[in-house]
Amino acid sequence: MSELLRSYLTVGIFGVAAIAMAGAMLTIARILRPQRPTPQKLIAYESGVDPVGGDWAQSQIRYYVFAVLFVLFDVEAVFIFPWATRLEVYGTFGLVEMAIFIFILVLGLFYAWRKGVLRWV
Amino acid sequence: MATQSVLAFVGPSVNWWALLPQMILLGAALLIMLVSALAPKQTSTPFVTVTTMCAAITSYIVATGLWNDVQRDGPSSSIASAFGIDGFSIFFTMLILVALAATALLSHGYLDKEGIDAPEFHALLLCSAAGAIVMASANDLVVMFIGLEALSIGLYVMIAMHDRRQEARESAIKYFVLGAFSSAFLLYGIALTYGATGSTNLIHIRDYLGAVVFRDQHLLMAAMALLLVGLSFKVAAAPFHFWAPDVYQGAPSPVTGWMASVAKAAGFAALLRIFFAAFASHRIDWTPIVSVLAAVTLVVGAVMAILQNDVKRMLAFSSVSHAGYVLIAVQAATDQGTAAALFYLFTYTFMVLGTFAVVGAMGRDDDHPLANYAGLGRSRPVLAIGFTILLLAQAGIPTTSGFVAKFQVIAAAVNNKNYVLAGLAMITAVVGAFMYLRIVMAMYVDNEEQKSSVPSWHWSTKVVVIAMVGFTLLAGLVPQFLIEFAEDAVPILIRG
């Protein structure tokens, strides 16, 4: 067995120990606890409130659009921060590159805005 | 903060000229989005089509210049050897640009007919074409992956753009989930390749594998297997083809043509660059796997196509079997085999785009039962002949490009002494021909009361069909120019 695989052995042993421990605790609990089943105990737990209605609920799609835009500009920020700390080093080349990058993203936002995606209907 | 010495940043040298083809496409995509955002009214479809066509033609002219440069000065690479400029990359750039122009023309009539927003469609098409070019030119696995994602994400959306049809959305979700799944395989393969060789650069990988003998090459084998599975999904090789029939059926027909031609070509470009060029010294390890894949793909593609009743599903399985033929050429792992694969992919692009041009123009793009094509030979004889030629070319009938392509693939297998695979290819070609002949029969043998009502075709569709049929016959009768083109386009990994 190679050195790489041997180091994974630790992970394997850890996994087996985790499963054995959890299994043992659940088994002991099952043996020790009193068993008095009632219908109420089978209701899905809703923080103490009786669950009403089906389990298929629709959520507003408009939140999703904003979530996508948020992720987009979050990623943009991730790229801008390291660039900004080294701005002098990258010089004009870096400035032009970042301008192109931001231009493309802003164009996307502009397009979304003009097509009415940002309107809260 | 302590004072830092400001060192001038020296980036890798960039050959902008070589990047121009995909930059033109991206520029056109941005232009279309900008105009469509600024325009007070709906942007007209002709403007968008003309922009895409201009971008494709300009790009093609640049690519021709690059081809001449490479033939004169030899191949090179750019951006820290991450981007290859060899005959191979320019060959695929040209193939993708031809497919782009054809798809743009096809969608001209199609988008208005089906009520799809033209600017968005074309912007996505252009981005996806640029991604395909990056994927075919990348000399680095990570750059290749970025190209693959750019190609696929455009495709996912283009498939779903058919608002009217529930099936389009269903197939987009299917393709998205399986595409993401296969991307994960590919990415894991890239990670393990990095683990085994210490680089994601294909040139470095080739040099390393050529110089080092592994005591234990399990890591490299796992990497190869994962890369192969990831790319087999993309090119729809059995047993990773299960998405193909549903997605081909659900997608709008021009997008199906685009997916069948460009996604497959770019997938094979990546496959050839990774396996044939970079893993060349380990061909004993991967050629048996690829030949088994080829055999399974051939049989599944040919047999399952017979069982279908929907024309688009039939063509989906036919595209699976075409992937099998190209895999035969890939498993040969010789220059001859690679040239045969390139020839096959180039001629296949023309055949499949022409075929889906006809399919997309057959009335409303819903289901395509075989009965829809009944009587086409009587009602529209010229186009029926065109469709017949394209189908027979796919079957591999002499005087068409399909025959030359299949012949070269089988010759490559025979020269490699893989007689079993060559024999299997010939048998499945006969089985597959039955499926194409079924469609041809449906067009010509009809009973009187069945009247196929085919609306008049848009001129742009006619142009595409005529051009594709013309090229298919040309490459079938005088194939020498294309054979030489393919032989000059064998991939070469070279430091920039």
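Leaving aside its neighbours within four places in sequence, with which residues is B:Ala486 in contact? The points below take up this question and then the remainder of the model, which is a predicted one.

1. B:Ala486 belongs to helix α19 of chain B. Apart from neighbours within four places in sequence, B:Ala486 is in contact with B:Ala339, B:Leu342, B:Phe343 and B:Phe346. The C-alpha atoms of B:Ala486 and B:Gly87 are 8.7 Å apart in space, although 399 residues separate them in sequence.

2. **B:Ala489 in the following segment.** B:Ala489 is placed in the segment after α19 (480–487) of chain B. With 24 C-beta neighbours inside 10 Å, B:Ala489 also counts as buried. Its C-alpha atom is separated by 4.3 Å from that of B:Phe88, a residue 401 positions away along the chain. Residues up to four places away in sequence not being counted, B:Ala489 touches B:Gly87, B:Phe88, B:Phe91 and B:Leu342. B:Leu342 is also among the residues in contact with B:Ala486.

3. **Overall form of chain B.** Chain B contains 19 helices and 2 strands. Its radius of gyration is 22 Å, close to the 23 Å given by the globule rule for 496 residues, so chain B is as compact as a globular protein of that length. Along the principal axes, the C-alpha atoms of chain B fill a box of roughly 85 × 65 × 40 Å. Of the 496 residues, 58% count as buried. Among contacts in chain B with a separation of 6 or more, 81% are between residues 24 or more positions apart.

4. **The nonpolar core.** The largest nonpolar core comprises 193 residues. B:Ile96, B:Met135, B:Tyr344 and B:Val409 have the most contacts inside this core. Leaving out residues up to four places away in sequence, B:Val409 touches B:Tyr325, B:Ile328, B:Ala329, B:Ala340, B:Tyr344 and B:Ala425.

5. **Helix α1 of chain B.** This helix, residues 16–38, has a kink of about 40° centred on B:Gln22. B:Gln22 is itself one of the buried residues of α1(B), which also include B:Pro21, B:Ile24, B:Leu25 and B:Ile32. Within chain B, the buried residues of α1(B) pack against α2 (45–73), β1 (76–78), β2 (83–85), α3 (87–114) and α4 (118–137). They also pack against α3 (87–114) of chain A.

6. **Contacts between the chains.** On the chain B side, 9 residues are in contact with 12 residues of chain A. By class, the chain B side has 7 nonpolar, 1 polar and 1 charged residues.

7. **Form of chain A.** Chain A has 3 helices and 0 strands, and its elements run α-α-α from the N terminus on. Its radius of gyration is 28 Å, whereas a compact globule of 121 residues would have one near 14 Å. The C-alpha atoms of chain A fill a box of roughly 75 × 55 × 25 Å along the principal axes. Of the 121 residues of chain A, 1% count as buried. The chain is divided into domain 1 (3–34) and domain 2 (61–114), and the C-alpha centres of these two domains of chain A lie 46 Å apart.

8. **Backbone geometry to inspect in chain B.** A cis peptide bond, with omega about 0°, joins B:Ala238 and B:Pro239. B:Pro239 lies in the loop between α8 (218–235) and α9 (243–250) of chain B. B:Ser81, in the loop between β1 and β2 of chain B, has a phi near 60°, a positive value in a residue other than glycine. With 19 C-beta neighbours inside 10 Å, B:Ser81 counts as partly exposed. B:Thr399 likewise is not a glycine, yet has a positive phi of about 75°. B:Thr399 is placed in the loop between α15 (381–395) and α16 (401–415) of chain B, and its 14 C-beta neighbours inside 10 Å make it count as partly exposed.

Notes. Residues numbered from 1 in each chain as written. Chains lettered and ligands numbered in written order. Predicted model: local features only at pLDDT ≥ 70, side-chain atom pairs only at ≥ 80, totals over all residues. Bend = angle between axes of the 7 residues up to and from the residue. Helix = DSSP H or I, 4+ residues; strand = E, 2+ residues; numbered from the N terminus. Buried ≥ 20, exposed ≤ 12 C-beta atoms within 10 Å, placed from the backbone. Contact = placed C-beta atoms within 7 Å. Nonpolar A, V, L, I, M, F, W, Y, C, P; charged D, E, K, R; others polar. Rg over C-alpha atoms; globule rule 2.2 N^0.38 Å. Domains from an automatic or database assignment. Core = buried A, V, L, I, M, F, W, Y, C linked by C-beta atoms within 7 Å.
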